[in-house]
Amino acid sequence: MLFLATFFPTWEGGAGVYDFVGEFMKATVDLADLLGLHLVMSRNAGKGEYKIMVAAMGWATAELVMSRCIPLWVGARGIEFDWKYIQMSFDSNISLVHYIAMAAVVWMFTRYDLPKSFRLPVTVLLGLCVYKAFLMELFVHVFLLGSWTALLVKAVLTGSISLCSLFLFVTLVHSN
Amino acid sequence: MFEEASEVFDNMFKSSFPLTFIVFIPAVLILVSPLPTEAAHEFTVYRMQQYDLQGQPYGTRNAILNTEARTVEAEVLSRRCVIMRLVDFSYERYQKALRQSAGAVVIILPKNMSTMPQDIVQQFMELEPEMLATETIVPVYFALEDDELLSIYTQTLTTSSSQGSSSAAEVLIHTATANGFQMVTSGAQSKAVSDWAITSLEGRLAGTGGEDLPTIVLVAHYDSFGVAPWLSYGADSNGSGVSMLLELARLFSRLYTYKRTHAGYNLLFFVSGGGKFNYQGTKRWLEDNLDHTDSSLLQDNVAFVLCLDTLGNGDSLHLHVSKPPKEGTTQYALLKELETVISSQYPEVKFSMVHKKINLADDTLAWEHERFGIRRLPAFTLSHLNSHREAQRSSIMDVRSVSPSSRHGVGEPPAGPYVDLRKLSRNTKLIAESLARVIYNLTEKGAPGDLQIFTEQMVQEEQLSSMVDWLTAQPRAAQLVDKDSSVVSTLEYHLGHYLKDVRRHYVKADKRDPEFVFYDQLKQTMNAYRVKPAIFDLLLAVCIAAYLGVIYLAIQHFGVLYSVVRRITAPKTKQH
């Protein structure tokens with residue numbers, strides 16, 4: 001775990017920066033995420049489930065340390081109380097689930113015995129995973145969601161993505 | 001012990017490097033990072049006066065604050081910062097806060113004083129000297145109101161007034177959602193300022209016609225006083241006196257430039273500092289001139305000393321004397337000339353002489369002329385106030401000037417004391433006429449009472465107006481005007497325009513037995529941090545523990561979800 005965590009900082013570059021720079025830039029960065037996950041999983045020798053779990057947990061921990069530890073440490077220790085730190089912590093839980101789903105989808109994408117009918121849903125799910133952050137920004141700006149509502153929407157979105165990927169995973173693993 | 005520690009460090013460095021990082025970083029962060037501050041609201045507060053006069057301490061002694069905010073309605077006030085608005089201010093509430101040994105009192109003043117009703121302003125003015133009279137450990141601050149401060153006040157009000165009266169459930173909800181405020185001042189404890197020099201300025205116009213001419217001294221003190229030094233602008237008291245003095249200097253210097261109108265009197269103008277602190281500037285000036293110099297204008301023939309104090313308003317003039325002038329003296333001549341001029345040219349002005357003996361047993365002297373009277377120089381003070389104890393001589397409400405020209409916002413006059421420029425210029429002209437009649441001996445030469453020496457245009461109202469505006473643009477408390485201050489140098493420059501031999505005079509307190517001691521930390525920045533009550537932390541911890549427990553259970557029983565999904569997907573494949 002620690003060994004994996006040391007590698008992640010080099011891969012996991014800009015997951016904390018949200019900015020309307022351009023969909024293209026975003027896509028490129030998040031695609032790099034996928035590549036990174038794939039590389040890590042291929043190094044790991046073990047059953048499918050273990051690969052997924054190890055990769056996802058390592059990735060999520062790295063993201064937590066890089067993008068949330070410093071603000072929490074610096075901000076939450078002050079005199080003032082702010083609900084945004086609680087929200088940040090919830091957000092880290094949600095992104096853990098999200099990364100597990102993403103790792104599972106990446107693993108499924110690279111399987112050679114993936115049935116043809118699964119290709120499309122898996123690709124769609126992959127795209128959703130990559131653009132989830134962008135979608136969230138869009139929702140917040142268009143519907144002017146408050147911070148707690150945005151968190152709820154994010155949770156629902158992640159929940160649905162992970163449920164779909166769970167279905168696909170179970171079907172794939174137990175289809176023979 | 002140290003060898004073991006070094007062994008541990010050696011092992012750490014020899015084995016994988018990343019491990020050491022992970023162990024080190026939190027330790028470093030704990031040691032190095034200071035507690036960060038991000039204020040909910042930061043605002044400037046002005047502290048109440050703190051000074052010692054002749055050994056007697058006045059005002060508040062403390063300057064540090066780090067307590068929770070409450071308003072007066074709250075039950076427990078001890079060690080809390082009590083916030084009050086000026087509209088709700090009353091002496092009983094103030095006393096209540098002090099009795100319960102509150103941590104501090106913050107009084108919020110409205111940005112625009114003219115919105116206050118007259119009686120509140122009057123009441124506050126009466127209370128100012130009482131607040132200062134007792135020495136208190138509780139720091140008292142004044143802050144100017146803005147929207148954030150007002151919202152902080154209303155939130156604190158709802159917290160404080162609901163404290164005693166609700167059920168347990170309400171209290172619980174309230175603690176979870178309410179916002180408390182922690183007020184913290186930045187800055188150190190106040191200490192005495194050493195070596196503070198009070199500056200005074202003098203200048204003269206020499207008379208013509210030989211040696212040993214009689215001297216007339218005109219005096220006005222330029223400093224102001226109020227319950228908070230940074231808020232005391234002193235428009236009427238004594239901005240009016242200083243601007244009148246400068247205008248008289250201008251008028252008489254013009255007269256003295258022409259040989260025909262050059263009179264046989266020396267005119268000595270003195271702008272004194274430390275006037276509100278028992279006339280320290282004048283006292284030392286007199287000592288230096290009478291005791292320590294061989295010859296000075298004050299030692300020889302002094303006709304009289306006229307002190308100008310608070311002349312910017314009102315329709316009455318009072319000549320305060322400590323000894324009624326004897327007939328035949330120049331002093332008496334001025335008294336008579338004043339009466340003549342007023343009765344013939346300004347009948348709307350009520351003039352009277354007020355005789356008050358110097359009482360050396362009092363803590364402070366009443367008027368500035370008493371300093372001269374103690375040294376046996378004939379002196380009087382001219383003021384529109386009847387008594388030296390009037391509250392408006394030392395109030396922070398004395399803020400600005402009003403003129404008929406619309407530059408200053410026509411409309412209702414301000415609630416507190418103020419300078420009415422028309423009346424100021426009328427008084428200036430009045431005094432100038434009377435002085436001229438004395439100097440040129442006009443009554444003896446048979447000039448009628450309504451002869452106007454100075455025409456309307458000579459006394460320039462714009463000059464007076466701009467002087468008063470400039471004087472009230474900055475606070476002129478004696479603790480704030482040091483010898484490099486712009487007030488002193490600008491006054492020096494102006495005097496230098498009209499008078500000769502403009503000199504500065506410094507007063508420093510005696511080392512062993514100081515007549516006055518000033519303290520610093522008069523203006524501080526206060527931060528109001530939004531804090532949650534202590535119960536809230538407990539509640540939050542319980543909720544987080546519950547949440548973590550639920551998550552743990554969910555993960556433990558993930559297998560259940562897995563088998564459900566499997567069962568759902570299995571029939572599909574069977575149907576194939």
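At 65% relative accessibility, Lys511(B) counts as exposed, a label given to residues over 50% relative accessible area, with buried meaning under 20% and partly exposed in between (1.4 Å probe, protein chains only). Helices (H or I, at least four residues) and strands (E, at least two) are DSSP runs, numbered from the N terminus.

The model is predicted, so local features need pLDDT of at least 70 and side-chain atom pairs count only at pLDDT 80 or more, while totals for chains, interfaces and linings use all residues. Residues are numbered from 1 along each chain as its sequence is written, chains are lettered from A and ligands numbered from 1 in the order in which they are written, and side-chain values use heavy atoms, with hydrogens and water left out.

A second salt bridge joins Arg284(B) and Glu515(B), whose closest N and O atoms are 3.8 Å apart. Arg284(B) belongs to helix 8 (residues 280-291) and Glu515(B) to the loop between strand 18 and strand 19 of chain B, so parts 231 residues apart in sequence are tied together. Here both residues are buried.

Asp420(B) and Lys423(B) form another salt bridge, at 4.0 Å between the closest N and O atoms. Asp420(B) is buried at 11% relative accessibility, whereas Lys423(B) is partly exposed at 23%. Over all chains, the structure holds 26 salt bridges.

Turning to chain A, the secondary structure consists of 6 helices and 0 strands. Of its 176 residues, 39% count as buried. Among contacts (heavy atoms within 4.5 Å) between residues of chain A at least 6 apart in sequence, 73% join residues at least 24 apart. An unreviewed UniProt entry places the annotation "transmembrane region" at residues 52-74, 94-110, 122-145 and 151-173 of chain A; such annotations may be inferred rather than shown by experiment, and feature names are shortened, with positions in the numbering used here. Residues 52-74 of chain A are 100% helix, with end C-alpha atoms 33 Å apart.

Methods: Salt bridge = Lys/Arg side-chain N within 4 Å of Asp/Glu carboxyl O.
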